[in-house]
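Have the sequence and the model open while reading.

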Amino acid sequence: MLDEMDRRLVAALQVAPRAAWGDLARVLGEHERTVARRVQRMLAIDAIRITAAYDDLRSGVGNPVHIRVSTEPGSVDATAGILAARPDVRGVFAITGTADLWIELIASGSDHLRHLHGILADEIPATPGVRATEAQVVLRTFTTVADWHAPLLGEEEVAGLRALVVPPLAELPDRVDFGGVDRDVAEILVRDGRASYTQIADELGISVPTARRKVTWSLERRVVRPRVEVEPALLGLRVEAQLGLEVRPAGLDAVGTALARHPGVRYCAAIAGSRDLLVEVCLAHEMGLYRFVTQVIGGLPDVVDVDMAFITRAYKRGHLLKDGRLTRSPHDAP
């Protein structure tokens, strides 16, 4: 479905989702019309979706919770569809191992732990097909999918693309007072990560300079991050795995920071649960995963233990429903 040039364009958009076609073309050494035509085609066939993701903790949107779900025999697809329909569920994946599904849920509200209790004690267990659950609450994220790009570009290309991105503040706040017009602007970016300043201004009834200032404010503080949703397999990365790491407390920060720099790591977070770190990796083949575990993780002395589960299917990613390798509207029924 995607050829080599398409994949390089997707990787470039992952680095700079809001970059102008001409700037992307210049960095990649392609013609502007070719870049625009190819990206529009990939959008039209639902191979990619350019959206945005909140930094849940910094923006106050909610607290991410990862839940492993064991299902009744033969109910994985049906149960995944029901869970994917929940608006508070950001991701649903089928996995191998002792559990059958992995879901990412955003517990919102000022009293999110009390809210989470109701979800875990009543709502999720009452879902048809659910047999057992295990929840892990995120304490800190080291890297997210919005930070990741497929390793298909040269260092100079990545540097050139990063120069097109609004840089973060030198010291990012732990929490941002986030509401009003700023929240409205962020919601537009979630719907369309490439929405122009003019489009935002027209929709909200503000001036174009105000729209530009509001977008820059959010991007500088990393309360919302433009991102490109695409199935990794379309980029030649056919092996996805979820790894749970047991780490010595004194080394948790160092291990999380080191893994976040690896090009195969899409997500890395410290969690409160049976494990200390949750890591999602995307690699080209199983041997790459073997090397990652034995050489990369094996080279970190503070890692005590690791378990692995392959991700065999995505039903929902980043609040977007999946249909095989295609991305559907978040408002479509699963």
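**Helix packing, spaces and loops**

Helices α2 and α3 are roughly perpendicular to each other, because angles of 65 to 115 degrees count as such. The model is a predicted one.

**Helix pairs**

- Two packed helices are described by the angle between their axes and by the distance between those axes.
- For α2 (residues 21-28) and α3 (residues 32-44), the packing angle is about 110° and the axes lie 8 Å apart.
- The crossing in which α2 passes α3 is right-handed.
- Helix α8 packs with helix α9 (residues 197-204) at about 125°, and their axes are 11 Å apart.
- That angle makes α8 oblique to α9.
- The crossing of α8 past α9 is right-handed.

**The cavity**

- The count of cavities of 30 Å³ or more is 1.
- The largest cavity holds about 40 Å³ of space.
- Its lining consists of Q14, V145, A146, W148, P226, R227 and V228.
- Strand β6 (residues 224-230) gives the largest share of that lining, with 3 residues.
- By class, the lining of the largest cavity has 5 nonpolar residues, 1 polar residue and 1 charged residue.

**The second largest pocket**

- The second largest pocket has a volume of about 950 Å³.
- Two or more lining residues of this pocket come from each of α1 (4-15), β5 (130-143), α7, β6 and α11 (252-260).
- The lining of the second largest pocket comprises 39 residues, and V15, A146, D147, R162 and R225 lie nearest the centre of the pocket.
- Strand β5 provides the largest share of the lining of this pocket, 4 residues.
- The lining of the second largest pocket divides into 23 nonpolar, 8 polar and 8 charged residues.
- A146 is listed in the lining of the largest cavity and is also among the residues nearest the centre of the second largest pocket.
- Strand β6 contributes to the lining of the largest cavity and to that of the second largest pocket.

**Loop residues with positive phi**

- R222 is a residue other than glycine with a positive phi, near 60°.
- R222 sits in the loop between α10 (208-221) and β6.
- R222 has a relative accessible area of 13%, and it counts as buried because the cut-off is under 20%.
- H319, also a residue other than glycine, has a positive phi near 70°.
- The loop that holds H319 runs between β10 (303-317) and β11 (320-323).
- The relative accessibility of H319 is 29%, so H319 counts as partly exposed.

**D177**

- D177 lies in the loop between α7 (155-162) and α8 (180-191).
- D177 has 75% relative accessibility, and it counts as exposed because that class is set at over 50%.
- D177 and I200 are 23 residues apart along the chain, and their C-alpha atoms are separated by 21 Å.

Conventions
Residues are numbered from 1 along each chain as its sequence is written. This is a predicted model: local features need pLDDT of at least 70, side-chain atom pairs count only at pLDDT 80 or more; totals for chains, interfaces and linings use all residues. Side-chain values use heavy atoms; hydrogens and water are left out. On a 1 Å grid over the protein atoms alone, a cavity is a set of points where a 1.4 Å probe fits but cannot get out, and a pocket is an open set with protein on both sides within 12 Å along at least five of seven lines; lining residues have an atom within 4 Å of a point. Grid points are joined across faces, edges and corners, and a volume is the space filled by probe spheres set on the points. Ala, Val, Leu, Ile, Met, Phe, Trp, Tyr, Cys and Pro count as nonpolar, Asp, Glu, Lys and Arg as charged, and the others, Gly among them, as polar. Buried means under 20% relative accessible area, exposed over 50%, partly exposed in between (1.4 Å probe, protein chains only). Axes are lines fitted to C-alpha atoms, for helices over the stretch in contact, and angles run from 0 to 180 degrees between N-to-C directions. Angles under 35 degrees count as roughly parallel, over 145 as roughly antiparallel, 65 to 115 as roughly perpendicular and the rest as oblique. A crossing is left-handed if the near helix is turned anticlockwise from the far one by less than a right angle, and right-handed if clockwise.
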